[in-house]
Amino acid sequence: MDIFLERLFDGLTNGAVYAIMALALVVVFRSTGTINFAQGEMALFTTYIAWWLTTIGVPLWAGTVAAAGVGFLLGAVVERTLIRPVRRRSDMATLIVALGLFTAFNALAGLLWNSETKPMPSLFPSGLKDYLSVGGARLYIDALGVWLVVIALIGAVFLLFNRTRLGLHMRAVAGNPESAALSGVRTGRILMLGWGLAGIVGSLAGVLVTPLSPQQLSLQTMFPILIYASAAALFGGLDSPMGAVVGGLVIGVLEALITGYVEFIGGTLPQTAALVVIVLILLLRPTGLFGTRQMERL
Amino acid sequence: MTLPTAETRPTVETLLTVEGLAAGYGQARVLHGVDLEIGKGEAVVVLGANGAGKTTTMRALAGLLPYTGRVGFEGQALGGLRPDAIVSRGVSLVPQGRGTFSHLTVLENLHVGAAMRRDKDGIREDVERWCSVFPVLAERSRQAAGTLSGGEQQMLAVARALMSRPRLLLCDEPSLGLAPRVVAGLFEVLARVNREEGVALLIVEQNAELALSIAHRVYLLEVGRVVASGTADDFRGDETIRRAYLGY
């Protein structure tokens, strides 16, 4: 039982991180209608910035704020300079640019900080003894911290989308960019802000996940997380923040339980399992669990 | 063909002046120099066959298409402005095929329509006003716009466009795909908005009879050019036009 609980806690913690990354994907998708496959590597880059700041004596929380700030600028600048010019041509062009950015940010991080693995400090107490006992299982404080940050972040994103003008305009632009422009919404600005916002969310995901990752901070850290996050976002519905969260948690828990109990999948197969989930969702329920079907009566 | 001329135009202050408007899609030129004028508070209809360039004219005026030629609104040039800037100058388009936000609620749709306004109280008042003009919007205020019937969506599209408090409302084929009874109701409201609020209208319409019933003046567009203009009565009185566009 306690083993089961510990695996469940592990799964929820990883799932929480997939959830935030998926949230970043959803924010971009909702405001621009495209999946930003470079989101993970942009987050990796800003996580390196947070790490680098700690090496010159800046406390990690300040480094995290800085990383989030850079993430915002990076997202906004990338949208304005690289995505917007090609977006008008086709969705495929946007996808290719995102893939290009994927390799570019990874290479840039490698160039600036070399490819050696860095030990990443955690925002929360993460010693072997920093845990609470729950039903005989250990619930580590840093895991709890990740949960809290995720809950706060989700609340903030929910409020932004549903209770603010900016959020309303973002949803309008995502649903019908031309009508949004005709209503007086400055669509360009909205898209830029959407990408910037996703940059913040992604950066926080990066800083939270790397200390928990077996790979710590290396050039390979974010790729598997992006795969899981994409699966989570698709699972929950690409336009639903709620769905991203549920999807992230489900994928995280499944991953932990499957690798724990089904021996032949352990190791590298969980990523394949996530891809299988993606394919199944696309086949069976393309809008995901919480996604909205396009409703239209003529 | 004896066509009426624009000289019969009532003497009102000019709101919109269009001179030599030329536009198209890629290599295909659709408009070859359209000239028209709308006075303050006037209701003007553009008639013309399919492909005459009516929708292109509307999209160019709203800033959705690049064009050459001069467009002046309240004495200021609109050329080269983005759609959102044109809205804030006081020109609002109800595009063909409604252009509502199907996944947003009716209320949210109205609020998006006030995107560039900052006066919270005024926005709330306007929401209430258009909900009382279009009672169906009040009934369905929390429903997603996509679940509304075609007629209800068109009402919402018009109300959304009015939320920006335009001095000129452009309507592109508002009757398209709607039942006759619904269309009559819609035009009644458009006429009322024009009469009571003093909002000038530029309406593109296939349903010429209905359009003439609320219009002060008419332009006839053929292959990207204005070939005739006059008052609604001139047009009803002209046999050639009556046969070609009114069908009797």
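Two residues are taken to be in contact if their C-beta atoms, placed from the backbone, lie within 7 Å. By this criterion, 20 residues of chain A are in contact with 28 residues of chain B.

The model is predicted, and local features need pLDDT of at least 70, side-chain atom pairs count only at pLDDT 80 or more, and totals for chains, interfaces and linings use all residues. Residues are numbered from 1 along each chain as its sequence is written, while chains are lettered from A and ligands numbered from 1 in the order in which they are written. For the complex, the predictor gives an ipTM of 0.90 and a pTM of 0.86. The average pLDDT (the predictor's confidence in each residue, from 0 to 100) of chain B is 90, and 94% of its residues score at least 70. Within chain B, confidence is highest in strand E6 (residues 91-94), at a mean of 97, and lowest in helix H10 (residues 239-246), at 74.

Turning to the overall build of chain B, there are 10 helices and 10 strands. Its radius of gyration is 18 Å, which agrees with the value near 18 Å for a compact globule of 248 residues; the radius is taken over C-alpha atoms, and the globule rule is 2.2 Å times the number of residues to the power 0.38. Along the principal axes, the C-alpha atoms of chain B fill a box of roughly 55 × 40 × 40 Å. Of the contacts in chain B with a separation of 6 or more, 68% join residues 24 or more positions apart. A residue is buried if 20 or more other C-beta atoms lie within 10 Å of its own, exposed if 12 or fewer, and partly exposed in between.

Chain B also contains an open sheet of 4 strands in the order E2-E1-E4-E5, with antiparallel pairing. Strand E2 (28-39) and strand E5 (76-77) stand at the edges, each with a single partner strand, so one side of each lacks a neighbour in the sheet. Two strands pair if DSSP finds at least two bridges between them, and strand E4 (residues 67-73) pairs with E5 of chain B over 2 bridges. There, B:Gly72 stands opposite B:Ala77.

Two loop residues of chain B are worth a look. B:Arg165, in the loop between helix H6 (150-162) and strand E7 (168-172), is not a glycine, yet has a positive phi of about 50°. B:Arg165 is partly exposed, with 17 other C-beta atoms within 10 Å. B:Val223, in the loop between strand E9 (217-222) and strand E10 (225-231), likewise has a positive phi, near 40°, and is partly exposed with 13 C-beta neighbours inside 10 Å.

In chain A, helix H3 (residues 60-87) bends by about 40° at A:Glu79, the bend being the angle between axes fitted to the seven residues ending there and the seven starting there. A:Glu79 is buried, and other buried residues of this helix include A:Gly63, A:Phe72 and A:Ile83. Their cover includes helix H2 (39-55), helix H4 (91-113) and helix H8 (187-209) of chain A.
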